[in-house]
Amino acid sequence: MSRFAKVSLGLGLPALGLLLCAGVAPYYSTIAVWELRSLMPLFAVIAVIAVGLIIGTGLGALRSEDTATGLAVVGVLAGIGLGVLWAAHINYDQDRAYLADTKVVTDPLPQLGARAPYQVGQAQARPNLGDTAGNIVDTTYLPGQDRYATLVERRGWLSGYEVAFTQQLPLQGRGSADQKCAFDRDRADARLGGNFSHNLGRQISKKQRWVRFSSTDAYAYCDGGTPMVAVPLKRQVGFLTIIEKPAGVALYNGKTGEVSITTDTSKVPGPSYPLSIAEKQREATAGMGSFSDWVFNRAGWEAPDDDVNSGNDSEFTLDAAGRPAYVTPLTGRGSATAISVVTSVPARHSGLALAPMRVHKLNPVWVSPGAIVDKVKADYQDIPNWQSIKVYEVIPTGSNSWVATLGTGQNILYRATGTGNLKGDKPTCLLRADGSVWRCGTLAGVGGNGVGTQYGSSNPAAPQPAPSGDLRSMSDAEFAQLQRRVAEEAACRLDKTCPRG
């Protein structure tokens with residue numbers, strides 16, 4: 001065999017393999033292309049290092065052997081330095097590209113709807129499964145329906161999803177599954193991450209090439225009695241500066257097993273814009289300054305690092321004046337803990353361009369979520385069984401208003417509202433289960449109360465007036481006093497230390 005034939009065979013077989021892979025395996029070829037494009041900055045760095053080595057070696061070849069080695073080392077080091085600098089600048093350029101439709105505004109936030117906390121929605125999904133045999137994949141809030149949607153996968157190596165169900169959680173108390181729809185086991189037997197022909201990602205790639213998705217962006221809902229899986233899609237754009245943009249939504253019919261792709265998302269009840277892209281846009285605020293600002297992390301904002309909203313501290317899916325939005329309170333970079341801006345990205349967005357992100361500067365600036373929680377705990381620690389109550393989420397409802405949810409495990413007991421800077425006539429208020437105001441502010445130091453857990457009198461020796469028997473007619477101070485006396489009487493009776501008489 002001639003040398004030309006060998007070279008042609010050596011180059012032709014891999015090329016043929018790639019063509020076959022692209023034609024026969026669109027899912028894996030898409031993954032390969034995405035990963036290779038993602039590595040373009042690394043390839044650029046390697047190319048710069050190689051050029052430095054070639055130049056150094058070439059210059060050294062004109063002189064002695066020792067000089068050639070030294071210049072080759074210098075060329076490699078220079079190439080590494082330039083390559084790292086170039087790679088960093090490419091990442092900076094990516095942040096700048098994600099900021100293409102980002103504006104910092106002083107306009108007030110739109111009115112944001114309150115919701116049950118994400119953690120409670122997750123916790124209540126498990127008992128609301130009933131006797132369904134399967135594993136919960138994820139729970140997603142649907143602002144348009146004010147429901148949490150949960151997707152359950154069927155157990156088995158070659159199986160799809162089991163059921164999709166939604167639950168409407170009241171702002172106090174427990175909710176229940178109000179819609180539940182089952183997948184057809186024979187015709188709809190695919191799922192994201194499934195094996196072989198049961199992989200939903202493969203079916204999506206057959207419908208549309210070169211698009212991918214994040215499994216955490218997918219969710220399910222019931223369309224009448226038909227379960228639907230919505231998978232927001234993404235595409236790559238750019239050469240060296242590569243970013244992700246939306247590519248519509250793939251809809252998987254749980255009865256027929258059919259996959260359809262649409263860019264008109266007006267009829268999709270939940271988020272259609274990939275949350276993972278909204279997260280990249282929010283993190284890209286680091287690129288709002290110069291390259292040196294980006295290197296030293298001096299520009300933009302970041303999510304609070306306290307554990308108040310543990311597990312869900314960014315991209316809250318909320319109803320913003322009738323439209324779903326990803327909303328995130330942010331602090332300045334560094335040691336600052338005050339909430340100075342709130343970002344908003346539409347959660348429903350048609351088309352293939354990046355959704356506009358608005359960075360709303362707050363005036364006045366809020367205190368940190370941790371400070372809000374501490375204030376709530378200090379103001380209402382006289383509530384019965386307060387030690388077992390936990391604050392779940394502190395989310396914004398306006399430019400200077402927030403709502404916090406209080407409860408125990410799967411049960412929502414109270415809501416607290418207030419101002420972001422904890423100033424004004426009502427810096428905090430506690431709401432009952434029916435939505436009425438329990439009270440605003442603390443009882444400590446009011447009406448002779450001290451600062452103890454039950455707000456006992458600051459002068460214990462003083463005689464305490466006996467409260468009337470009509471609980472409705474009592475003031476808050478009188479009711480707290482009655483509660484304290486009942487607790488003291490119960491304690492002394494249990495210890496058999498009550499005085500006789």
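**Helix packing and an open sheet**

Helix α2 (residues 26-38) packs with helix α6 (residues 200-207) at an angle of about 85°, and their axes lie 8 Å apart. On the α2 side, the contact is made by Pro-26, Tyr-27, Tyr-28 and Thr-30, while α6 brings in Gly-201, Arg-202, Ser-205 and Lys-206. Sorted by class, this contact has three nonpolar, three polar and two charged residues. All of this comes from a predicted model.

Six of its eight residues are buried, so α5 is largely enclosed by the rest of the structure. The buried ones are Tyr-118, Gln-119, Val-120, Gly-121, Gln-124 and Ala-125. What do they pack against? Their neighbours are strands: β2 (135-142), β3 (147-153), β4 (161-168), β15 (390-398) and β17 (411-419).

Two of those strands, β15 and β17, also belong to an open sheet of five strands, which runs in the order β15-β16-β17-β18-β19 with antiparallel pairing. At its edges stand β15 and β19 (437-440); each has a single partner strand, so one side of each is left without a neighbour in the sheet. On average, neighbouring strands here are turned by 25° against each other, ignoring direction. Further in, β16 (residues 401-408) pairs with β17 in the antiparallel sense over eight bridges. One of the bridge pairs links Ser-401 to Thr-419 in β17.

Notes:
Residues numbered from 1 in each chain as written. Predicted model: local features only at pLDDT ≥ 70, side-chain atom pairs only at ≥ 80, totals over all residues. Heavy atoms only, no water. Buried < 20%, exposed > 50% of the residue type's maximum accessible area, 1.4 Å probe, protein only. Helix = DSSP H or I, 4+ residues; strand = E, 2+ residues; numbered from the N terminus. Contact = heavy atoms within 4.5 Å. Pairing = 2+ DSSP bridges. Axes fitted to C-alpha atoms, helices over the stretch in contact; angles between N-to-C directions. Nonpolar A, V, L, I, M, F, W, Y, C, P; charged D, E, K, R; others polar.
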